[in-house]
Amino acid sequence: MGIVNVTPDSFSDGGLYADPVRALAHAEALLVEGADILDVGGESTRPGASPVAAEVEADRVVPVIAALARQRPEVLISVDTSKPEVAAAALEAGAVIVNDVTGGDHPDMLPLVAGRGAAIVLMHMRGRPDTMQNDTAYADVVAEVAAWLAGRAAVACSAGVPAERVWLDPGIGFGKDVAGNLRLLAHLEDLGALGHPLVVGASRKSFIGRLSGADVGERLAGSLASLVPLVRLPRAVARVHDVAATRQFLTVLQAIAEAA
Ligand code: HH2
């Protein structure tokens, strides 16, 4: 899953693709690099970020999604939003997946996704982006995140979203400290055991900087290392900024796993 941030302030590429023409060119480049899914977002969820109004967010993402859907009808487009009105407009424009960092918290989100026959990514976050790093203590982060995701998946299924269209994400960096992120990555199989495809977004995140001292633009090697646990999972999606390198890395890793 290649990331297309149509934002002025995303943590690693804010402002680079805020212009729709640039966003489209970036999306096309990610497809050439081998992305299977494009995740288009119009609101930064970096730690400390303030919410953006729905109209602003929709104005950012909908033209890009509509143009992409016209030019590349075969591509799976995901919209990174937690607002049902933005999701509705994006699905209308051609998106088929809603990537919701609040785990489908808004009461209208899951019925919308079910009604449109879309898929949903339910991500775990503690609190909201502006406050989420204030409390990162868990008694057992893996058990707590797994229990929460299992509960949200059950709610999504009862709202009418088929189980195979409910994807789960531990929310790396969302209300977790370095140790919490590492434990989640080390125990992804516990989350995979919930029976849904997993999405993992570790790309360029700050725990890699904390561990290595690397600045945000220099975290490719650490981002790739974070994906090693993914090859043990039957169904997993890597949400990344650097698609070509990730593709090559996962191809070789997978080949080695199969040879074993
Ligand atoms: N991380 C970010 C945004 N959306 N969605 C899922 N499912 N999982 C993630 O880990 C995730 C996500 C943050 O990354 P990015 O989009 O690059 O930054 P920003 O939120 O600052 O735009």
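## Arg239 and its partners

A polar contact of 2.9 Å links the side chain of Arg239 to the side chain of Asp39. Here a polar contact is a pair of N or O atoms within 3.5 Å; within protein, one must be able to donate a hydrogen and the other to accept it, and residues adjacent in sequence count only if both atoms are side-chain atoms. The side chains of Arg239 and Asp80 are also joined by a polar contact, of 3.1 Å. A word on the source: this is a predicted model, in which local features need pLDDT of at least 70 and side-chain atom pairs count only at pLDDT 80 or more, while totals for chains, interfaces and linings use all residues. Residues are numbered from 1 along each chain as its sequence is written, and side-chain values use heavy atoms, with hydrogens and water left out.

You will find Arg239 in the loop between strand 8 (236-238) and helix 10 (243-259). Helices (H or I, at least four residues) and strands (E, at least two) are DSSP runs, numbered from the N terminus. Is Arg239 buried or exposed? Arg239 counts as buried because its relative accessibility is 14%, where buried means under 20% relative accessible area, exposed over 50%, and partly exposed in between (1.4 Å probe, protein chains only). Leaving aside neighbours within four places in sequence, Arg239 is in contact (heavy atoms within 4.5 Å) with residues including Met1, Ile3, Asn5, Asn99 and Val199.

Asp80 belongs to strand 3 (residues 76-80) and is buried, with a relative accessible area of 9%. Beyond four places in sequence, Asp80 touches Asp39, Val40, Gly41, Gly42, Glu57, Asn99, Val101 and Arg239. A polar side-chain atom of Asp80 also lies 3.0 Å from a nitrogen atom of the ligand.

## The ligand and its surroundings

Which residues are closest to the ligand? They are Ser10, Ser44, Thr45, Asp169 and Lys205, out of 17 residues that surround the ligand, each with a heavy atom within 4 Å of it. In the side chain of Ser10, an N or O atom is 2.4 Å from an oxygen atom of the ligand. Thr45 takes part through its backbone, with an N or O atom 2.7 Å from a ligand oxygen.

On its own, the ligand has 470 Å² of accessible area, and the protein covers 99% of this; accessible areas come from the Shrake-Rupley method with a 1.4 Å probe, and for residues only the protein chains shown count as cover. Sorted by class, the shell holds five nonpolar, seven polar and five charged residues. For this count, Ala, Val, Leu, Ile, Met, Phe, Trp, Tyr, Cys and Pro are nonpolar, Asp, Glu, Lys and Arg are charged, and the others, Gly among them, are polar.

## The nonpolar cores

In soluble globular proteins, nonpolar side chains tend to be buried together. In this model, the largest nonpolar core has 64 residues, and those with the most contacts inside it are Val4, Leu38, Val40, Ile65, Leu188 and Leu191. Such a core is a set of buried Ala, Val, Leu, Ile, Met, Phe, Trp, Tyr and Cys residues joined through side-chain atoms within 4.5 Å. Apart from it lies another core, of eight residues, among them Met1, Ile97, Val121 and Val199.

Val4 is worth a click in your viewer. Not counting residues up to four places away in sequence, Val4 touches Ala23, His26, Ala27, Leu30, Leu38, Asp39, Val40 and Gly41.

Most residues other than glycine have a negative phi. Arg204 has a positive phi of about 65° although it is not a glycine. Arg204 sits in the loop between strand 7 (198-200) and helix 8 (206-212), and is buried at 16% relative accessibility.

Val216 is found in the loop between helix 8 and helix 9 (220-225). Beyond four places in sequence, Val216 touches Phe11, Ser12 and Arg204. Val216 is partly exposed, with a relative accessible area of 27%.

Pro63, in helix 2 (residues 54-71), is partly exposed with a relative accessible area of 42%. Gly115, in helix 4 (residues 109-116), is exposed because its relative accessible area is 67%.
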